[in-house]
Amino acid sequence: MIDLLNLNKNELRDFVAALNEPAYRAAQIERWLYHEFVTDFDAMTNLPSDLRARLNQVARIGAPRVIAEHSSADGLTRKALLQLDDGQTIEAVLMSYAVGAFYQTPPQDQTPPQDQTPPQDQTPPRCTVCISTQVGCPIGCPFCATGQAGYVRNLTPGEIVAQVLHFARAARPDALTNIVLMGMGEPLMKFDITWQAIASLTDPARFGMGARRITVSTSGEIPGIERLTPEKSQVNLAISLHAPDDALRDVLVPLNRKYPLRDLMRAARAYAEQTRRRVTFEYALMDRVNDAPEQARALARLLRGGGATPPLLCHVNLIPLNPTRASPYRRSPEARVLAFEKILRAAHIPTTLRVERGIEIAAGCGQLRQVNESKNE
Ligand code: SAH
Ligand code: SF4
């Protein structure tokens, strides 16, 4: 049966036409799906009952089943383990950022990207949904619970969007202010799938989230970055760097063996120059692995570019590693984190230190799934 969330605009229009229904039914159905978040055709009360009956026969509305949900003690982070129709599980997280959620605010002379700005008293708090794009992940980063668990399959566009609708149903829909594709999986590996999901999330007739409020995080899938660049879509790009040189990055982010740093930085520069958007570089600090002062200096050099190269429009997000069960990597001690940050700032690289969120509920990428599986072992 066809999952209506998998149909793009044209496909939904054709689907309605094939049912011999007038075109405006497509808009009505879109409203029910993406504004009212219904999961049942019988709830679509402005559709004639015979149409609802036919929809029940030929279509469905994908809605993952919650098999575990954990909230942090402060209630600001909610993580859901969701089961898909074929029994596979994925994670999605809702994070609220209250005032003071950052260790420190960037100094006055550094303009942080819009979605990194710590909320001021008068601005409403941010509420970010973090969603998955694959069941598992083929990249296999050794510090990441998802990478350790292996790869099963891509999600469909509908399965990606359904995670946002899941939280929209529970929270006030207008309370969701940002979406990050930072859950399980590599979002740019199957660009068309991810792009179709983003189109549904940004279409005003559908979920209607501003593209500037959506961030795609990639481990360095250059062809995907190159396809994102000409779209000029205003979607934010985050690149998971984690190492300033190829030798270390080959180990920490194995995709580096295919797309080495030189080429990755060239793609990041092209993105920043053509879209005039600031690229975020994620850097998870691991004790005595990638957190030495000389590595901070190497990172600053990499981002500044040498000689006549103009500085790259970028921002570094330092993340204290969330250690996973099966990996030998440990979180950097605070003193090393602060020293690393200081070097980047001294080199005029805009830097923020991401607060540790939801570690008590195993909210690191893929970690709730890992905990749940070990309970069932
Ligand atoms: N696959 C994509 C997006 C999902 S991972 C990517 O790698 O960018 C989202 C972010 O979480 C990435 O920056 C990833 O490197 C980081 N991450 C994964 N495991 C982590 C851990 N144990 N501690 C801290 N960050 C982690
Ligand atoms: Fe995949 Fe990202 Fe985890 Fe690496 S960090 S294994 S790319 S999900």
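Me: How many residues of the shell around ligand 2 are charged?
Reply: The model is a predicted one. In it, the residues around ligand 2 are C137, I139, G140, C141, C144, G147, G185 and S219. By class, this shell holds four nonpolar residues and four polar ones, and the number of charged residues is none.

Me: How many helices and strands does the chain have, and what percentage of its residues is buried?
Reply: The chain has 12 helices and 14 strands. Among contacts between residues at least 6 apart in sequence, 69% join residues at least 24 apart. Of the 377 residues in the chain, the buried share is 56%.

Me: Is the crossing of α1 and α2 left-handed or right-handed, and which residues make the contact?
Reply: The crossing is right-handed. The contact residues divide into four nonpolar, no polar and four charged. From α2 come R25, A26, I29 and E30, and from α1 come K9, L12, R13 and V16.

Me: Which helices are included in what covers the buried residues of α2?
Reply: Helix α2 is mostly covered, with eight of its 11 residues buried. The buried residues are R25, A26, Q28, I29, E30, W32, L33 and Y34. Their cover includes α1, α3 (49-58), α5 (157-170) and α6 (191-202).

Me: At what angle do α5 and α6 pack, and what is their arrangement called?
Reply: The axes of α5 and α6 are 8 Å apart, and the packing angle is about 40°. Angles under 35 degrees count as roughly parallel. The angle of α5 to α6 therefore makes the pair oblique.

Me: Which residues of α5 and α6 meet, and how many of them are nonpolar?
Reply: Helix α5 passes α6 in a right-handed crossing. P157, I160, V161 and V164 of α5 meet I193, T194, Q196, A197, S200 and L201 of α6. The contact has no charged residues and three polar ones, while the nonpolar residues number seven.

Me: Is A80 buried or exposed?
Reply: A80 lies in strand β4, which spans residues 77-83. Its C-alpha atom is separated by 8.3 Å from that of I90, 10 residues apart along the chain. Buried means under 20% relative accessible area. Because its relative accessible area is 0%, A80 is buried.

Me: Which residues does T280 touch, not counting those up to four places away in sequence?
Reply: T280 is found in strand β12, residues 279-285. Its relative accessibility is 7%, so T280 counts as buried. With residues up to four places away in sequence left out, T280 touches L237, A238, I239, H315 and N317.

Note on methods. Residues numbered from 1 in each chain as written. Chains lettered and ligands numbered in written order. Predicted model: local features only at pLDDT ≥ 70, side-chain atom pairs only at ≥ 80, totals over all residues. Heavy atoms only, no water. Near = heavy atom within 4 Å. Nonpolar A, V, L, I, M, F, W, Y, C, P; charged D, E, K, R; others polar. Left-handed = near helix turned anticlockwise from the far one by under 90°. Helix = DSSP H or I, 4+ residues; strand = E, 2+ residues; numbered from the N terminus. Contact = heavy atoms within 4.5 Å. Buried < 20%, exposed > 50% of the residue type's maximum accessible area, 1.4 Å probe, protein only. Axes fitted to C-alpha atoms, helices over the stretch in contact; angles between N-to-C directions. Parallel < 35°, antiparallel > 145°, perpendicular 65-115°, else oblique.
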